[in-house]
Amino acid sequence: MPTLAERNIEAVILGRSNRRVKIEHDRALYKQRNRIERMFGQLKINRAEATRYDQLANSVLGMISLATARYWLKFFHAA
């Protein structure tokens with residue numbers, strides 16, 4: 001399997017502060033990646049999505065759509 005560098009994949013995750021050789025990263029891309037990971041973390045709060053009860057792609061997409069709508073409704077209701 002080729003390494004990430006051979007496949008021209010750049011680092012997006014920020015390296016540790018005590019790392020001797022610093023890895024350059026794109027801050028904007030890191031921010032987008034972090035936002036997406038937090039969204040999936042919120043989606044996993046829904047038990048059905050976290051345990052993957054649904055077998056069909058349409059059912060999974062429907063559950064994700066429903067969970068996403070519930071997540072964003074919290075922000076609209078609070079405003």
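In what order do the elements of the chain run from the N terminus on? They run α-α-α. The chain has three helices and zero strands; here helices (H or I, at least four residues) and strands (E, at least two) are DSSP runs, numbered from the N terminus.

Before the details, a word on the basis of this talk. The model is predicted, so that local features need pLDDT of at least 70 and side-chain atom pairs count only at pLDDT 80 or more, while totals for chains, interfaces and linings use all residues. Residues are numbered from 1 along each chain as its sequence is written, and side-chain values use heavy atoms, with hydrogens and water left out.

Let me turn to the chain as a whole. Of its 79 residues, 9% count as buried. Buried means under 20% relative accessible area, exposed means over 50%, and partly exposed lies in between (1.4 Å probe, protein chains only). The accessible surface comes to about 7,500 Å², and carbon and sulfur atoms account for 57% of that; such areas come from the Shrake-Rupley method with a 1.4 Å probe, and for residues only the protein chains shown count as cover. As for contacts, meaning heavy atoms within 4.5 Å, 24% of those between residues at least 6 apart in sequence join residues at least 24 apart.

I continue with helix H1, which spans residues 27-43 and includes Arg27. Arg27 is exposed, at 66% relative accessible area. Together with Lys31, Arg35 and Arg38, Arg27 belongs to a patch of positive charge on the surface. Patches are made of residues with over 30% relative accessible area and no salt bridge, like charges being joined within 9 Å and nonpolar side chains (Val, Leu, Ile, Met, Phe, Trp, Tyr) within 5 Å. Lys and Arg count as positive and Asp and Glu as negative, whereas His and the chain ends are not counted. The place of a charge is NZ of Lys, CZ of Arg, CG of Asp or CD of Glu.

Which residue forms a salt bridge with Arg33? The partner is Glu37, and the closest N and O atoms are 2.7 Å apart. The structure holds one salt bridge, defined as a side-chain nitrogen of Lys or Arg within 4 Å of a carboxyl oxygen of Asp or Glu. Side chains of opposite charge can pair when their charged atoms come close. Arg33 and Glu37 are four residues apart in helix H1, so about one helical turn separates them. Arg33 is partly exposed at 28% relative accessibility, and Glu37 is partly exposed at 43%.

Next comes helix H3, residues 57-78, where Leu73 lies. Leu73 is exposed, with 54% relative accessibility. Trp72, Leu73, Phe75 and Phe76 form a nonpolar surface patch, with about 500 Å² of accessible area together. Met63 is also in helix H3 and is partly exposed, at 23%.

Finally, Gly15 sits in the segment before H1. Gly15 is partly exposed, at 30%. Its C-alpha atom is separated by 8.6 Å from that of His25, 10 residues apart along the chain.
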